[in-house]
Each structure stands twice: as structure tokens, then as C-alpha cells.
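User: I would like to learn how to read a protein model. Please take me through it one feature at a time.

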Amino acid sequence: MADQDSSETGSDKGSERAVQRGIQSIEVGGQLLQALVHRGTPLPLKALAQEAGMTPAKAHPYVVSFGRLGLVEQDPATGHYQLGPLALQLGLIAMAQTNPVQLATPVIEALARRTGHTFALAVWGERGATIVRTAESPAAVHVAMRHGTVFSLAGTASGRLFGAYLDEAVVRAALEAERARARQGAAAGEAGMPVSPPLPDWQAFAQQLQAVRAHGLSRSDGDVLPGISAMAAPVFDAAGRIALALTAIGASAVFDTRPDGSLARSLREAAAGISARLGARPGAGG
């Protein structure tokens with residue numbers, strides 16, 4: 001089996017070309033590793049080879065070599081192949097080195113340019129869903145958001161998104177804390193100040209969170225400010241936990257809040273792509 005390694009040829013025609021070319025046999029063998037990742041379960045050689053688009057005879061030498069490296073191991077009882085200890089170590093190290101906000105920042109910048117809306121990344125902090133990164137719309141008139149802003153749990157798209165995917169005990173406690181702050185604010189309120197809408201009780205809020213999970217995103221239409229809409233999609237980590245809220249915000253007149261609209265599709269696809277980079281399996285959070 002001949003390897004095509006142009007980075008070590010006698011007629012190196014430039015570093016750019018050398019970087020672009022690789023070793024064909026490694027790329028072919030990598031299809032077997034991708035097949036194991038895609039299926040997520042141990043496979044017999046025949047099924048593994050079929051998943052990778054090759055014959056068992058061609059696949060066997062690769063799995064033998066991968067086994068010696070620890071990338072693949074064979075169950076002695078069933079003979080099925082699965083990812084080995086080195087693959088696990090590589091995955092753990094990759095996850096430890098991966099910063100969700102760093103991964104998602106160029107994504108929201110591209111979305112802001114493409115859609116004309118402002119985007120933000122929010123994480124769950126001690127006080128609730130908190131903005132940690134923003135990408136402003138290129139439009140002359142746009143909605144601005146500041147780093148460190150804390151979203152209302154019950155009154156914003158980002159807050160409800162975290163409420164839908166965090167542990168119920170955490171969400172219940174956060175809702176009660178928000179209700180207590182609302183009561184204190186009302187008691188200390190000044191005459192002439194606008195009155196905030198009442199916060200839902202747990203039963204009503206739980207129904208809202210179920211709707212968020214059903215659509216896979218959270219929507220807000222004038223809940224915070226009249227004429228301002230928002231939509232948020234969840235980013236999950238390798239453990240299936242919500243890591244980020246990917247949130248779009250803009251003027252309601254030009255903001256598509258339909259769950260099957262183009263903006264919703266863009267948000268879901270972007271969030272799913274970031275989740276995959278973080279090691280989340282398809283359907284995480286469902």
C-alpha cells in the first residue's frame with residue numbers, strides 16, 4: 001500500500017503545496033475512526049468496513065495498526081471494535097483545551113454580518129444568564145447589548161432557554177429568587193415608574209419551558225422592550241449540558257421569530273455546529 005506524502009519529496013515546490021497535501025493512507029484509515037464515532041457503538045469488522053465504505057480485507061490492517069496505537073480496541077468476548085484508550089485521552093484533552101466562548105465568537109460575528117441582527121453569547125452565572133460576548137449588527141440602527149448584562153430568567157428568551165435545559169432544582173431556585181427581587185423592587189418603586197409584568201408561578205413557567213424544548217429554541221417578542229424581539233438556541237457540551245445561549249436580537253419589524261423561519265434555522269445550525277465541536281452528540285438536551 002503506497003503512501004502519498006508530498007511533504008518529503010525531492011522536488012518540494014513550496015511550503016504551501018506541501019501543507020495542502022497529506023498522507024492518503026492516514027486519511028483512508030481515518031474513515032474507520034470516523035465510522036466508530038458516527039455509530040457510537042462497537043461494531044464487527046464487516047459492519048465497520050461497510051460504514052467506512054471499504055471491504056473488510058482493506059479495513060483489517062488499519063484496525064490492527066490503530067489497535068497497537070490504542071486508538072481502537074477489540075472486545076475479546078464479541079470481537080467487535082470500539083474506540084480505544086488513546087482515543088479517549090485525546091478526546092478528554094481536546095475538551096479541556098476547548099473554550100466554548102472562543103469557538104462561538106467567530107460564529108456569531110458571521111451571523112451578525114449575514115442576518116443584520118445583533119448576536120450575543122450568554123453563560124449561566126451566579127445571578128443567571130449573563131452576556132459574555134456580543135457581535136453588533138452592521139446596520140446603521142441596531143440593538144446594542146453590553147457584556148455583563150444579566151438576562152431575566154422568566155422574562156427573556158435567553159433566560160427561558162437556560163431554564164429549559166438546566167436542572168429543575170436550579171431553575172426553581174432561580175425563579176423564586178427573581179420573584180423575590182421583583183417584590184422588593186415593587187415595594188421600593190417610585191411613583192411614575194413603569195410596572196414590570198408579573199412573573200409566572202412554577203406551573204405556568206414549566207409549561208413555557210416545555211414549549212422551548214419542543215422547538216429547540218426560545219423566543220421573545222416585545223417581552224423586554226416594545227418593538228424588540230429575540231431568539232436563542234442552546235449550545236451543549238460533551239456531557240449534554242447547556243454551555244451557552246446563542247441569542248439574536250433585533251427590531252421586531254424585521255425580526256423573524258417563526259420557529260421554522262430562516263433565522264431559526266440559522267440559529268439551530270450554528271448552535272448544533274458549536275455543540276459538535278464541543279463533543280456533544282446529536283440530539284443532546286432532548
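User: How many aromatic pairs does a search of the whole structure find?

Analyst: This is a predicted model, in which local features need pLDDT of at least 70 and side-chain atom pairs count only at pLDDT 80 or more, while totals for chains, interfaces and linings use all residues. Residues are numbered from 1 along each chain as its sequence is written, and side-chain values use heavy atoms, with hydrogens and water left out. Rings of Phe, Tyr and Trp (its six-membered ring) pair if their centres lie within 6.5 Å; planes under 30 degrees apart count as stacked, over 60 as edge-to-face and the rest as tilted. The search finds three such pairs. In one of them, Trp-124 and Phe-162 have ring centres 5.7 Å apart and planes at 40 degrees, so this pair is tilted.

User: Which elements hold Trp-124 and Phe-162?

Analyst: Helices (H or I, at least four residues) and strands (E, at least two) are DSSP runs, numbered from the N terminus. Trp-124 belongs to strand E3 and Phe-162 to helix H7, so the pair ties together parts that are 38 residues apart in sequence.

User: Are these two residues buried or exposed?

Analyst: Buried means under 20% relative accessible area, exposed over 50%, and partly exposed in between (1.4 Å probe, protein chains only). Trp-124 has 27% relative accessibility and counts as partly exposed, whereas Phe-162, at 0%, counts as buried. A further pair is formed by Tyr-165 and Phe-236, with ring centres 5.2 Å apart and planes at 80 degrees, so it is edge-to-face. Tyr-165 lies in helix H7 and Phe-236 in strand E7, so that pair ties together parts 71 residues apart in sequence. Both Tyr-165 and Phe-236 are buried.

User: Which residues have the most contacts inside the largest nonpolar core?

Analyst: A nonpolar core is a set of buried Ala, Val, Leu, Ile, Met, Phe, Trp, Tyr and Cys residues joined through side-chain atoms within 4.5 Å. Here the largest core has 27 residues, and Leu-161, Tyr-165 and Phe-205 have the most contacts inside it. Elements that give two or more residues to this core include strand E3 (118-125), helix H7 (157-165) and helix H9 (202-215). The largest share, five residues, comes from H7. A second, separate core has 25 residues, among them Ala-104 and Phe-119.

User: What does Leu-161 touch?

Analyst: Contact means heavy atoms within 4.5 Å. Leaving out residues up to four places away in sequence, Leu-161 touches residues including Val-212, Leu-217, Pro-234 and Ile-242.

User: At what angle do H2 and H4 pack?

Analyst: Axes are lines fitted to C-alpha atoms, for helices over the stretch in contact, and angles run from 0 to 180 degrees between N-to-C directions. Helix H2 (residues 24-39) and helix H4 (residues 56-69) pack at about 85 degrees, with axes 10 Å apart. Angles under 35 degrees count as roughly parallel, over 145 as roughly antiparallel, 65 to 115 as roughly perpendicular and the rest as oblique. H2 and H4 are therefore roughly perpendicular. Their contact involves residues including Val-28 and Leu-32 of H2, and Tyr-62 and Phe-66 of H4.

User: What about H2 and H3: at what angle do they pack?

Analyst: H2 and helix H3 (residues 45-52) pack at about 105 degrees, with axes 8 Å apart. H2 and H3 are therefore roughly perpendicular to each other.

User: How many helices and strands are in the protein chain?

Analyst: The chain has 10 helices and eight strands. Of its 286 residues, 36% count as buried.
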